[in-house]
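Here are my notes for you, one point at a time. Have the picture open while you read.

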Amino acid sequence: MHEDSPTAAHTTAAPRTPARTAPALAEPLSAPPSASLPEAPPPGPPAGHSATTIERGSFCLARCSCGWSGPARRSRDRARTDATEHLAAS
């Protein structure tokens with residue numbers, strides 16, 4: 001029986017590839033393209049009303065920051081509809 005002397009194992013590593021970098025811009029952008037457009041306020045609920053849906057177990061209900069709370073529903077879609085109807089009525 002022949003035994004090799006204990007020496008460090010030789011491994012071959014894969015050749016390293018250089019990391020790719022994005023080319024630098026010749027001139028930095030001074031302002032984003034949307035900066036030239038006037039900002040419109042986002043359409044949303046009236047001031048003081050912000051409705052969300054909350055899950056409680058298998059039920060979902062709509063709540064508003066004004067204190068209103070919709071009925072508990074098994075359908076998340078129906079709870080969202082309740083919140084939309086509340087905001088439209090406000």
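1. Which residues are exposed on the other side of α1? They are T84 and A88. Here "exposed" stands for a relative accessible area over 50%, "buried" for under 20%, and "partly exposed" for in between (1.4 Å probe, protein chains only).

2. Before going on, know what you're looking at: this is a predicted model, where local features need pLDDT of at least 70, side-chain atom pairs count only at pLDDT 80 or more, and totals for chains, interfaces and linings use all residues. Residues are numbered from 1 along each chain as its sequence is written, and side-chain values use heavy atoms, with hydrogens and water left out.

3. Now the overall plan. The protein chain has 1 helix and 2 strands, and from the N terminus on the order is β-β-α. Helices (H or I, at least four residues) and strands (E, at least two) are DSSP runs, numbered from the N terminus. Of the 90 residues in the chain, 11% are buried. The chain exposes about 8,200 Å², with carbon and sulfur atoms supplying 56% of that; such areas come from the Shrake-Rupley method with a 1.4 Å probe, and for residues only the protein chains shown count as cover.

4. Take the strands next. β1 and β2 pair in the antiparallel sense over 6 bridges; pairing requires that DSSP finds at least two bridges between two strands. Together they make a hairpin with 2 residues between them. In the turn, G57 has a positive phi of about 65°.

5. Then the helix. α1 covers residues 76–89, and at 1.5 Å a residue its 14 residues should span 20 Å, which agrees with the 20 Å between its end C-alpha atoms. (The expected span is 1.5 Å times one less than the number of residues.)

6. Which residues of α1 are buried? A79, D82, A83 and H86. They sit on the same side of α1 because they cover an arc of only 95° around the axis, the arc being that of the directions from the helix axis to the C-beta atoms. As a rule, an α-helix has 3.6 residues a turn, so residues three or four places apart point the same way. The buried residues of α1 pack against β1 (51–56) and β2 (59–64).

7. D82 has 6% relative accessibility, and leaving aside neighbours within four places in sequence, D82 is in contact with A62, W68, P71 and R73. Contact here is heavy atoms within 4.5 Å.

8. How many disulfides does a search of the whole structure find? The search finds 0, a disulfide being a pair of cysteine sulfur atoms within 2.5 Å. The sulfur of C66 is 3.6 Å from the closest cysteine sulfur, in C64, so that is too far for a bond. C66 is partly exposed at 41%, whereas C60 is buried at 3%.

9. Last, find G48 in the segment before β1. G48 is exposed, at 57% relative accessibility. Beyond its neighbours within four places in sequence, G48 is in contact with S65 and C66. The C-alpha atoms of G48 and S90 are separated by 9.8 Å, though these residues are 42 apart along the chain.
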